[in-house]
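Hi everyone, thanks for coming along. Let's have a look together at the sequence and the structure, and then I'll talk you through a few places in it.

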Amino acid sequence: MDNNEQGIVLTDEQKKKRRSRSIAIAIVLAALVLLFYLVTIVKLGPDIMNRPL
Amino acid sequence: MSLAERQDLMDHSSTVWNGGEGSVSDYVALLKPRVMSLVIFTAFVGMMLAPGSIHPVLGTVAILCIAIGAGASGALNMWYDADIDEVMSRTAKRPIPAGKITPEEAFAFGMTLSIGSVLTLGLLVNWFAGAFLAFTIAFYVVIYTIWLKRSTPQNIVIGGAAGAFPPMVGWASVTGGVSLESFVLFLIIFMWTPPHFWALALFKKGDYETAGVPMLPVVAGETNTRHQILIYSILLAPIGVAPYFMGYASLFYGVSSGFLGLAFVAMAADIWRKREGDVARKACLRLFKFSIFYLFMLFALLLGESLVAGI
């Protein structure tokens with residue numbers, strides 16, 4: 001089976017690097033979630049509980 | 001023709017995929033962390049000097065977005081300039097010429113961060129600052145990197161504007177607009193950039209010649225470059241003192257920036273006088289190093305005063 005049929009086959013080194021990149025992306029995404037949560041609190045401030053029903 | 005353009009002309013079906021080699025640190029290197037640190041510093045000073053206040057969390061978000069936007073411009077610059085980078089000694093080890101990241105990966109990374117940083121700044125801080133950041137990134141990548149860098153010896157002068165915008169973006173994050181005071185911060189960096197880079201270009205002339213980049217010493221000659229370094233330095237010195245005359249810096253800043261400006265002009269005059277051999281090289285290197293100290297000191301003094309005034 002040649003490379004075309006198998007698709008792209010990653011070497012062990014490439015797999016290792018992909019894993020570290022994936023972890024970095026996960027950390028960045030988690031930090032963004034936290035950031036948007038924090039900014040929501042900051043922007044709403046004390047009014048967070050003051051919503052008309 | 002840049003590497004990016006050459007790749008566009010290639011038949012994609014016959015190209016072999018050689019991506020996936022980049023580590024996290026290679027991607028960090030694409031962001032030009034040293035340039036980024038200067039951008040963070042100047043944007044922070046712009047933010048601190050601006051009238052009014054910003055919530056510390058929103059201020060941190062603004063600095064983060066400006067820093068990521070600057071990093072994204074760096075990545076897009078490396079995507080387009082990979083052909084130049086591979087022939088210059090200073091840049092040959094960058095991730096793309098070193099074969100660790102493909103130009104396509106760098107482009108995708110740069111575009112993702114550009115759009116992400118602009119949208120985040122717009123959504124969380126204000127849309128004027130977001131639009132200004134988008135303009136800054138576009139200016140650096142399209143006007144400077146793609147258009148001017150390869151076509152005119154004035155590339156540094158106009159391209160330097162992109163590096164001078166961050167304090168204005170920082171200021172805009174607080175006020176939602178621009179003002180004469182923030183424009184002066186822009187002018188300081190704008191006038192500082194040509195003598196800073198031309199001093200470097202004078203002793204790295206061979207590199208730019210090999211790469212075919214029309215830097216001033218290559219195109220107009222070393223004498224002309226020495227004239228221009230002196231002229232820009234003479235123009236820069238009074239602009240450096242302007243924050244004092246405009247009333248948003250103290251007399252201490254006025255006197256300090258005046259002396260620093262005089263030292264800058266004296267070193268530029270030294271370059272103008274010493275034209276041959278090792279002494280000429282040393283004079284260029286001295287101004288190059290001092291120019292970094294000069295800019296840092298001006299902004300550090302402004303920052304220090306705004307912090308003291310805030311207590």
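Let me start with a question: which residues are linked in a network of salt bridges? Please keep in mind that this is a predicted model. The network takes in B:Asp81, B:Asp83, B:Lys149 and B:Arg150. For context, the search over all chains turns up 10 salt bridges in the whole structure.

Let's go through this network pair by pair. B:Asp81 forms a salt bridge with B:Arg150, and their closest N and O atoms are 3.0 Å apart. Here the two partners sit 69 residues apart, in distant parts of the chain: B:Asp81 is in the loop between H4 and helix H5 (82-85) of chain B, while B:Arg150 is in the loop between helix H7 (127-148) and helix H8 (155-164) of chain B. B:Asp81 counts as buried, because its relative accessibility is 0%. B:Arg150, at 24%, counts as partly exposed.

B:Arg150 also forms a salt bridge with B:Asp83, with 2.9 Å between the closest N and O atoms. B:Asp83 lies in helix H5 of chain B, so this pair ties together parts that are 67 residues apart in sequence. B:Asp83 is buried too, with a relative accessible area of 11%.

Now to another salt bridge in chain B. B:Arg286 pairs with B:Asp270, and the closest N and O atoms are 2.9 Å apart. This one links helix H15 (residues 277-310), which holds B:Arg286, to helix H14 (residues 251-273), which holds B:Asp270, and the two residues are 16 apart. B:Asp270 is buried, with a relative accessible area of 6%, whereas B:Arg286 is partly exposed at 42%.

Let's move on to the second largest pocket. How much space lies in it? About 960 Å³. Its lining is made of 26 residues, and those nearest the centre are A:Ile25, A:Val28, B:Ile68, B:Phe109 and B:Leu113. Two or more lining residues come from each of these elements: helix H2 (12-44) of chain A, and from chain B helix H2 (24-30), helix H3 (33-49), helix H4 (56-80) and helix H6 (103-124). Which of them gives the most to the lining? That is H2(A), with nine residues.

Methods
Residues are numbered from 1 along each chain as its sequence is written. Chains are lettered from A and ligands numbered from 1 in the order in which they are written. This is a predicted model: local features need pLDDT of at least 70, side-chain atom pairs count only at pLDDT 80 or more; totals for chains, interfaces and linings use all residues. Side-chain values use heavy atoms; hydrogens and water are left out. On a 1 Å grid over the protein atoms alone, a cavity is a set of points where a 1.4 Å probe fits but cannot get out, and a pocket is an open set with protein on both sides within 12 Å along at least five of seven lines; lining residues have an atom within 4 Å of a point. Grid points are joined across faces, edges and corners, and a volume is the space filled by probe spheres set on the points. Helices (H or I, at least four residues) and strands (E, at least two) are DSSP runs, numbered from the N terminus. A salt bridge is a side-chain nitrogen of Lys or Arg within 4 Å of a carboxyl oxygen of Asp or Glu. Buried means under 20% relative accessible area, exposed over 50%, partly exposed in between (1.4 Å probe, protein chains only).
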